[in-house]
Amino acid sequence: MSAQLSHAEKLSFIHDGYIVIKQAVAEDVVNDARKLVQSYLPEHERRLLVPPELATHPDILALFRQSRAADILRSEMGPFPDVVSCQVAVTPAGDTLGGDPSPHVDGSWSGKIPASATEIEPGRGRPRDAARYFGENDDKRGDNDGQLWIDPDRRLSIGSYTALVGVALNDQLLPGCGQLGVLRGMHEPVQACFRRQRAAGGVIGPEGPDWPRIKATPGGRTYCNGLPDTIRELARERAAGAKKIEGWPWPELTPVLLARGDAVIAMHSCPHTPTPNHGREARMNVYFRIRRLRPENPHEGSRRVGHGVNDHPDRGYFGQFLEYPETYDPWQTSIEKMCDHWSEWDGLKSLAVGVDSEGG
Ligand SMILES: [Fe+2]
């Protein structure tokens with residue numbers, strides 16, 4: 001099978017911000033990984049707490065290392081450090097994930113937040129009593145390994161990578177059985193938002209222009225806001241009039257339909273979310289977060305970074321600040337890549353130029 005995308009596939013990826021690779025992983029590799037994940041699945045638990053040995057197990061990492069998705073990334077994106085870990089994401093049958101899906105761009109903090117809207121500053125969306133939630137100096141770590149700030153100067157509040165690769169260990173062809181949902185085509189408006197934040201001299205990410213970190217629903221429920229303000233609205237407008245999908249009540253979201261052994265490749269800037277699983281079997285996906293090699297970065301390939309699982313690879317996986325030489329500014333490099341996301345795709349950047357202006 002080809003390690004490259006066809007011309008039509010390239011255009012589709014550039015337009016949508018994600019693409020499905022059919023039969024990306026050989027059957028025996030999928031079967032071995034599936035058996036291993038199942039051996040860790042507790043009978044009646046709603047969620048799987050993945051033991052670290054599973055996320056770093058060679059049989060699980062083989063889902064990426066031996067996949068056609070890895071070959072495609074090598075030719076369409078470029079070189080990348082070895083993948084040493086991943087996210088095993090299981091949504092048990094019947095798990096509704098507590099309500100509506102919340103599409104987001106990976107890499108921002110999600111920790112304990114105030115319970116009431118009145119406790120949140122409008123604009124940046126910080127708690128009025130910030131020290132209580134963020135620490136004296138915004139120094140507390142979040143839950144989900146997200147960091148409040150990616151850089152010590154607090155100009156970047158979102159981690160980033162180049163591509164999310166998800167490999168399906170079960171069939172997910174019928175909408176409503178826990179598929180990954182994406183805001184198709186919204187990767188360009190997300191990039192446009194990063195560019196506006198940069199042009200305004202503001203923070204890039206949550207707390208920057210037009211991106212309150214914490215918000216409240218009209219009903220008063222507070223939440224960590226995973227998307228710039230305009231994105232959800234724009235996605236809804238674009239979806240208006242779209243054909244209704246049976247069993248899928250979120251018109252702005254596109255279900256990523258995968259068969260066992262298929263993979264999805266999505267841009268970091270393509271908003272995504274897990275969705276409720278109304279199916280009869282557990283939804284099992286394994287996710288790899290891949291960042292194109294940055295040869296000037298002395299920490300490429302270091303195990304502390306946890307390449308494959310880390311969504312903020314300019315800091316260590318556990319949030320530790322890494323030492324950088326004066327000649328390399330990892331934060332500015334990431335800002336530049338987020339504001340020009342096709343620059344990280346050797347095989348696509350020239351083709352993407354025409355589509356790029358669409359984000360506005
Ligand atoms: Fe995510």
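A residue is called buried if 20 or more other C-beta atoms, placed from the backbone, lie within 10 Å of its own, exposed if 12 or fewer do, and partly exposed in between. Serine 67 counts as buried because it has 23 C-beta neighbours inside 10 Å. The model is predicted, with local features needing pLDDT of at least 70, side-chain atom pairs counting only at pLDDT 80 or more, and totals for chains, interfaces and linings using all residues. Residues are numbered from 1 along each chain as its sequence is written.

Serine 67 sits in the loop between α4 (58–65) and α5 (68–76), where helices (H or I, at least four residues) and strands (E, at least two) are DSSP runs numbered from the N terminus. Apart from neighbours within four places in sequence, serine 67 is in contact (C-beta atoms, placed from the backbone, within 7 Å) with Ala24, Val25, Val167 and Ala263. Alanine 263 is 196 residues away along the chain, yet its C-alpha atom is separated from that of serine 67 by 8.6 Å.

Turning to strand β10 (residues 283–290), eight of its eight residues are buried, so the strand is largely enclosed by the rest of the structure. Strands pair if DSSP finds at least two bridges between them. Strand β2 (residues 87–91) runs antiparallel to β10 and is joined to it by five bridges, with glutamine 87 having tyrosine 287 as its bridge partner. Strand β3 (residues 163–168) also pairs with β10 in the antiparallel sense, over six bridges, and here alanine 163 stands opposite isoleucine 290.

Notes. Contact = placed C-beta atoms within 7 Å.
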